[in-house]
Amino acid sequence: MAPQVLIVGAGVTGSVLAMLAKDMGLSVRVLEKSRGAGGRMATHTFRRGDRSSPVLAHADLGAQYVTTRSSPEHPFLGPLYKRLTDAGVLIPFTGEVAGANPYGGAGPEVRHFAAPMGMRSIAEYFLQSSSVPIDWGVAVEDLSPSDSGVAVSAQVPETLSEEAATANVVVLTQPVQQVLGATKFGLRGTFLKHTSEEVMAGLKKVEYSSRFAVAYFFDKSKVSWPFSWTCKYFDKGDVRYVAHDTARRGGASEEPLMAVLVHSGVPLGMKLNDEEDPFPTAAARMQSELEEKLPELPWATAEGSKVHKWKYSQVYIGYGGNKPSPSWVWPVGAETSSSGGCVELFRADGSLGLLCGDAVAPASNFEGCVYSAYKAAEMLRAHFGKCAPTPVAL
Ligand SMILES: Cc1cc2nc3c(=O)[nH]c(=O)nc-3n(C[C@H](O)[C@H](O)[C@H](O)COP(=O)(O)OP(=O)(O)OC[C@H]3O[C@@H](n4cnc5c(N)ncnc54)[C@H](O)[C@@H]3O)c2cc1C
């Protein structure tokens, strides 16, 4: 049976929204182009050999920690953090951070959380606890709204199940450039002809930063971490962030290899943006700078490495030209106000198309995405005449 709500993307926004919509009693289905959840909160699993070989280490290639300035009494975020920490999905991050965190992450009111099972486990947790059906490996290609619902097509038609081929409401959560059709996994965008000029103008202003992530894996019996800090920010050069990724995630790890994660600066990401195979150049430049900046670690002796390009990393300019604020706080008492967080792409009698995610949120981070999912859930409530999205069922 066609779901009432089809969510495109199993990142943090899509997974929180799936949980909220399911809690409202709606029938929900998620389509995800990758084989796993998390999106830009991606956790790489390092093995030597195929998927049946033993796991040697994990590394968070994208988001590193969850940061909050919210009060534990916040009616929505308070129960959400309690639930995530009670389940062990998040634990307080207590490691030393060296250098100036450019995302405004310091101050007495700031709390950081790490995800011991990797950042992707946050999205996995929301999806598992709502037990919505998910179709993995389905790249949505286009949407056709009509008075009888939204018809969905996939880049590889055979991957789309009958249950996912139509819905009353489709919610897109991928980066805006992909919604506008500008990339490999871009949508064809037939549905955009139903989008108002004002919304199109707002979407066209959105810009993302680009950067590289490189995870190095060292044999713990041969290499030990030589620094007191767990994470360090650098304000110049190709290398802008280095972390002992295994330690950052907290707890005693059974993994035989130690993961060290490095993020490039945005200039390197932008410079190599249009190159067909930017990975060897990026990896070589970053390694040579690491050898200079942190010679205490024998970079060349790593047992393996993984290079990833984030073409759409964090939002640099948000919807309508708004600048996202990393220190944004979701105000108590304003959780049902109608400003921002979710955009209507099209509406007909029997169909609705929404876009949510960090580009339309006040911040390009975990809480911005959670806020955006909450605002989308409010729009679903209004559309289906349901009651308000509940805080989080405990
Ligand atoms: C390097 C880096 C560091 C960061 N650091 C932090 C941090 O420390 N703390 C923090 O809070 N945030 C951080 N962020 C930002 C945070 O990761 C994002 O704000 C958040 O993950 C966005 O989630 P989302 O669900 O909105 O979008 P995404 O995570 O992009 O999810 C969209 C999903 O849609 C899927 N998709 C795309 N196209 C299609 C299609 N056609 N069909 C089906 N599925 C599709 C994608 O595969 C993806 O799973 C960082 C991001 C990066 C890249």
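By class, the shell around the ligand has 16 nonpolar, 17 polar and five charged residues, where Ala, Val, Leu, Ile, Met, Phe, Trp, Tyr, Cys and Pro count as nonpolar, Asp, Glu, Lys and Arg as charged, and the others, Gly among them, as polar. The model is predicted, so that local features need pLDDT of at least 70 and side-chain atom pairs count only at pLDDT 80 or more, while totals for chains, interfaces and linings use all residues. Residues are numbered from 1 along each chain as its sequence is written.

**Exercise 1.** Find which residues of the shell are closest to the ligand, and which element gives the most to the shell.

*Solution.* Next, take the helices (DSSP runs of H or I, at least four residues) and strands (E, at least two), numbered from the N terminus: H1 (12-23), S2 (28-32), S15 (211-219) and H9 (366-384) each supply at least two residues, and H1 gives the most, with three.

**Exercise 2.** Describe how domain 1 touches domain 2.

*Solution.* First place the domains, whose bounds come from an automatic or database assignment: domain 1 covers 5-207 + 317-384 and domain 2 covers 211-310. Then count contacts (C-beta atoms, placed from the backbone, within 7 Å), which join 26 residues of domain 1 to 28 residues of domain 2. Finally, on the side of domain 1 that touches domain 2, strand S4 gives the most, with six residues.

Note on methods. Contact = placed C-beta atoms within 7 Å.
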